[in-house]
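Hi,

Here is the structure I promised to send over. Have a look at it first, and then read my notes below.

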2 protein chains.
Amino acid sequence: MDLDPRKKEVLHAIVDDYVSTFEPVGSKSLIERHGFDVSSATLRNEMADLEHMGFLEKPHTSAGRIPSDKGYREYVDSLMKVEPLSRREQAKIEENIKSSVGELKDLIKGAADTLSQATGFVSLTCSPRLKKSYLTQLKILMIEPGKALVVVVLSAGVVKDKLVRIPNFITDKQIYDISNAIEKNITGKPLDEITLITVSSALKGGSDIPDSLLNQVLYEAYAAIKQADRMDVYLEGEHRMLSLPDFSSMGRATQLLGSLADDGMVAGYLNEMEAQDKPNQDSYMIRIGQEITLEGFDDCSFITTTYNMGDGVQGNIGVIGPKRMEYSKVISQIDFVKKNLDEQIKIINE
Amino acid sequence: MDLDPRKKEVLHAIVDDYVSTFEPVGSKSLIERHGFDVSSATLRNEMADLEHMGFLEKPHTSAGRIPSDKGYREYVDSLMKVEPLSRREQAKIEENIKSSVGELKDLIKGAADTLSQATGFVSLTCSPRLKKSYLTQLKILMIEPGKALVVVVLSAGVVKDKLVRIPNFITDKQIYDISNAIEKNITGKPLDEITLITVSSALKGGSDIPDSLLNQVLYEAYAAIKQADRMDVYLEGEHRMLSLPDFSSMGRATQLLGSLADDGMVAGYLNEMEAQDKPNQDSYMIRIGQEITLEGFDDCSFITTTYNMGDGVQGNIGVIGPKRMEYSKVISQIDFVKKNLDEQIKIINE
DNA sequence: AATTAGCACTCTCACTCATCGAGTGCCAAA
DNA sequence: TTTGGCACTCGATGAGTGAGAGTGCTAATT
């Protein structure tokens, strides 16, 4: 069911107007702002049609129209045109990201901060999905009797570690042997294929440590490996949402921030989205209003894309903003931040 | 200038009432709720006195009185009586904290979450101050050519690490030697006495690596050591503030969350507070309203105390809440969480 | 000297009511 | 198919009002 060209124009204009003014737009002001050379009555008819088709809605009988979720969806899918950022904005983002030096984590955090600042919304980043990456090194470092540091090195240059407790009287040498044996056995395996069994099988019989103690060490090593896969979601700029007129009522604001406080929920939803969309690299996942199945995000949109760490390892970056946002602009902002992030990651990984 | 006993009673009652109702308290309701056997006129006189002395203020001519910052201060310093938590509340906190297993970091985060949930306010934790702790181990682990992991082990069982870049062709063996040399040289030194010079002096001449490359490695090692001292502030539960009537106006809420978003600012202020109070262990630092010299916290109070990791290493834990809070209750909550945290830390450190 | 009753005064809050204006839907004419 | 015209709807605004809670002050009482 395609819209005729004029309806498209009208919808486009209404979305633009509503996004910039946050006021229901009426037939008259539509003519004033855009150069439609038909009368207001004609527009009224068009608008009534668009409403019947579900693209617009009325807050109450005698107000202008606002876009419905479906209206925004149409706008995003076929009406808007993404334009590049101004040189000025680009420069600011570039500078910001470059100044966040350090490890991968700091870099991602820096990108998130930049994105939130640029958009004025909440930015969202998600640590890389490491299930498919494989293990290249495993070291267990004795810290003191009873305490060891397990260092897990993955393809794509990711390093994770975990401090674990081990039986008190296991020696340096023993740990060293265990560590080597495990490493030999599971190097090259994708993370999601490693199980407690795989880890343990390296060692059966080949050691002088009683099984029960050995198992404890193995378990800790296993846990450390598995933990490397943990998905960390980082949200930044929650407070910025309070300045938006969309959330100027205390009720909505409270609900939104309450929902945002639960990172786990957002993380879970992201996973779900990803499963649905099977995104190819460089594509965007966009969810508008009620398309978001989480409580409390009715007036929001999610836009995310992926950043790349090589070897097919990817994480997410994006924003959560009011559904009344300048989609084309926000998308170019995300895109530009993502590109810069990819670049910087490449640099720190050589 | 001491208050006479009745004035104390009156102030006490007013603070209690105001805290629980959030409404300016008048002479009449004061009699109703508390068993004062004087007339309302007498109380009015007392209240007028207290106002002149600066303990109370009036929102407008014809409303009841509310405590001023000075009033709260008096209340906190000499009027209130801290009572232990109910068995029920204790159990909840205990359970919550025990369920946050893992490394020190997780434990602290767990304590913060618990505290925020228990109080309904923002909780604040601060990683331990490590300046005075000394270095017990330093390992540099080769990850791949050009990349190494520096592991710093401090007294009090703290382990920190940092992924660093090193010149490409430095070998495993060389790194091992450098690491040993540095370790030998600075083990036992307090963190704040370690300088780039101290680190470097270990190695002069004793190696076959060109100075310029060596310096790069040394610098990274030094940076990794210094970074161990970084103070991390963690704030949790910002959204809870929105539910409080104290911040039910959008303006205040926005300002508060904006200020809270800047962890660095809060961290800086904590440092300042600490310097002023020279706290002995187990004492509380309390700042009420305008006593807090930060922008945006006029209606808030900070209450913090320290948690202990042994060897004199301490961090901070506390809350940021509305100054209209049940001080005695909040203090016992913080106290109880702190005790549990101390205990759990002891357990994971053996 | 401290306490109390009484009273005039102040100020906020909640409520009502009328008005205004932007916008709509629909009909009949072009 | 488009347009002008018109009656209607509904939220926002602002003024006016009365109730209620509280105060300060004064004069009488203990």
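Ser328(A) sits in helix H12 of chain A, which covers residues 327-348 (helices here are DSSP runs of H or I with at least four residues, strands are runs of E with at least two, and both are numbered from the N terminus). With a relative accessibility of 18%, Ser328(A) counts as buried; buried means under 20% relative accessible area, exposed means over 50%, and partly exposed is in between, using a 1.4 Å probe and protein chains only. Leaving out residues up to four places away in sequence, Ser328(A) touches Met80(A), Lys81(A) and Val82(A), where a contact means heavy atoms within 4.5 Å.

Before you go further: this is a predicted model, so local features need pLDDT of at least 70 and side-chain atom pairs count only at pLDDT 80 or more, while totals for chains, interfaces and linings use all residues. Residues are numbered from 1 along each chain as its sequence is written, chains are lettered from A and ligands numbered from 1 in the order in which they are written, and side-chain values use heavy atoms, with hydrogens and water left out.

Now chain A as a whole. Its secondary structure comes to 12 helices and 10 strands. The radius of gyration of chain A is 26 Å, well over the 20 Å that the globule rule gives for 350 residues, so chain A is more spread out than a compact globule (the radius is taken over C-alpha atoms, and the rule is 2.2 Å times the number of residues to the power 0.38). The C-alpha trace of chain A spans about 90 × 40 × 40 Å along its principal axes. Of its 350 residues, 50% count as buried. Among the contacts in chain A with a separation of 6 or more, 60% are between residues 24 or more positions apart. Its accessible surface is about 16000 Å², and carbon and sulfur atoms hold 49% of that (Shrake-Rupley method, 1.4 Å probe; for residues, only the protein chains shown count as cover).

On to the DNA, starting with strand D. Which residues come closest to DNA strand D? There are 20 residues around it, and the closest are Ser39(A), Thr42(A), Ser62(A), Ser27(B) and Arg65(B); a residue is near a strand if one of its heavy atoms lies within 4 Å of it. Of the atoms of DNA strand D that come within 4 Å of the protein, 74% are sugar and phosphate. Helix H3 (40-53) of chain A and helix H3 (40-53) of chain B each supply at least two residues of the surface near DNA strand D, and H3(A) gives the most, with four. That surface has four nonpolar, 11 polar and five charged residues (Ala, Val, Leu, Ile, Met, Phe, Trp, Tyr, Cys and Pro count as nonpolar, Asp, Glu, Lys and Arg as charged, and the others, Gly among them, as polar).

Then DNA strand C. Of the 20 residues around it, Ser27(A), Arg65(A), Ser39(B), Thr42(B) and Ser62(B) come nearest. Sugar or phosphate makes up 71% of the atoms of DNA strand C within 4 Å of the protein, and the rest belong to bases. On the phosphate side, a backbone N or O atom of Ser39(B) lies 2.8 Å from a phosphate oxygen, and a side-chain N or O atom of Thr42(B) lies 2.4 Å from a phosphate oxygen. On the base side, a side-chain N or O atom of Arg44(A) is 3.3 Å from a base nitrogen. Here H3(B) gives the most to the surface, with four residues.

One backbone detail: Phe22(A) has a positive phi of about 60° although it is not a glycine. Phe22(A) is in the loop between helix H1 (5-21) and helix H2 (27-33) of chain A and is partly exposed, at 30% relative accessible area.

Cheers

Notes:
Polar contact = N/O pair within 3.5 Å; in protein donor to acceptor, adjacent residues only side chain to side chain.
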